[in-house]
Amino acid sequence: MVLSLTLTGQAQHKTAPAAATPPAKPPAARNEDPQLYRNATFGFRFQIPYGWVDRTKEMQEGNEAGKAEVLLAIFERPPQATGDTINSAVVIASESAASYPGLKRAEDYLGPLTELATSKGFKPEGEPYALQVESRQLLRADFTKPLSVKTSSVETSNDKLTMRQCTLVLLAKGEIVSFTFIAGTEDELDDLMDGLHFGPAKSP
């Protein structure tokens, strides 16, 4: 499942940007915002935080035909790097509801989602609940995971450093669309979720 790629305990140093002048970006097409991901099929858009790293293509290479498809995978810093702060991330994916016999509602996806999260060291945080985001009804499930941090080559446990994951589940057009947000604090999660907006979906 694609979410397994987002449930690893990543941490990241926040370093000051280099003084060198960044390379010039090609001009965006008129009315095109390179920081805005749009999905007409499911009728949503997501505002990508400036400076984040896009790993969508790399994660799509692991897609299996007829199974989960990564729609967007972005990280605050390169995911392979390590450090002492949470590497915030957003991963949006879709997979066929037919992969789960008997799945008729978003709530029916809670079992597989929770099983995957707990297998990666997360624990449920509170009870899942329905959430209205503009014109859509989604299901929200939260998870937390305490992280071990390497300091001076010694791995120590820091209870104050906790990875927080929020996954929103949407059932639409026979597909399960999952919006997974990862951050170090509730405020950071809320800020990321504020970038998600819904509109009319494209007709079949």
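**Figure 1. Strand β2 joins β11 in an antiparallel pair.** Three bridges link β2 to β11, the latter spanning residues 196-198. Phe46 has Leu196 as its bridge partner in β11. The model is predicted.

**Figure 2. Strands β1 and β2 form a hairpin.** β1 covers residues 36-39 and pairs with β2 in the antiparallel sense. Four bridges hold this pairing. Asn39 stands opposite Phe44 of β2. Four residues separate the two strands. In the turn, Gly43 has a positive phi of about 70°.

**Figure 3. The side chains of β2 alternate between two faces.** This strand runs over residues 44-47. Phe44 and Phe46 point to one face and are buried.

**Figure 4. Arg164 and Glu186 form a salt bridge.** Their closest N and O atoms are 3.6 Å apart. Glu186 belongs to helix α3 and Arg164 to strand β9 (residues 154-172), so the pair ties together parts that are 22 residues apart in sequence. Glu186 is partly exposed, at 36% relative accessibility. Arg164 is also partly exposed, at 21%.

**Figure 5. Arg140 and Asp142 meet in a buried salt bridge.** The N to O distance is 2.8 Å. Arg140 has a relative accessible area of 9% and is buried. Asp142 is buried too, at 14%. Both values fall under the 20% cut-off for burial.

**Figure 6. Arg105 and Asp108 make a salt bridge between partly exposed residues.** The closest N and O atoms lie 3.6 Å apart. Relative accessibility is 48% for Arg105 and 30% for Asp108. The whole structure holds three salt bridges.

**Figure 7. Acidic residues gather in a patch of negative charge on the surface.** The patch consists of Asp187, Glu188, Asp190, Asp191 and Asp194. Asp190 lies in helix α3, which spans residues 186-193. Asp190 is partly exposed, with a relative accessible area of 34%.

**Figure 8. Met59 is a buried residue of helix α1.** The helix covers residues 56-60. Met59 has a relative accessible area of 11%. Leu71 is twelve residues away in sequence, with a C-alpha to C-alpha distance of 9.3 Å from Met59.

**Figure 9. The chain as a whole contains three helices and eleven strands.** Along the sequence, the pattern reads β-β-β-α-β-β-α-β-β-β-β-β-α-β. Of the 204 residues, 44% are buried.

Terms used:
Residues numbered from 1 in each chain as written. Predicted model: local features only at pLDDT ≥ 70, side-chain atom pairs only at ≥ 80, totals over all residues. Heavy atoms only, no water. Patch = residues over 30% accessible without salt bridge, like charges linked within 9 Å, V, L, I, M, F, W, Y side chains within 5 Å. Areas by Shrake-Rupley, 256 points an atom, 1.4 Å probe, with all protein chains shown as cover. Salt bridge = Lys/Arg side-chain N within 4 Å of Asp/Glu carboxyl O. Lys, Arg positive; Asp, Glu negative; His and termini not counted. Charge placed at Lys NZ, Arg CZ, Asp CG, Glu CD. Buried < 20%, exposed > 50% of the residue type's maximum accessible area, 1.4 Å probe, protein only. Pairing = 2+ DSSP bridges.
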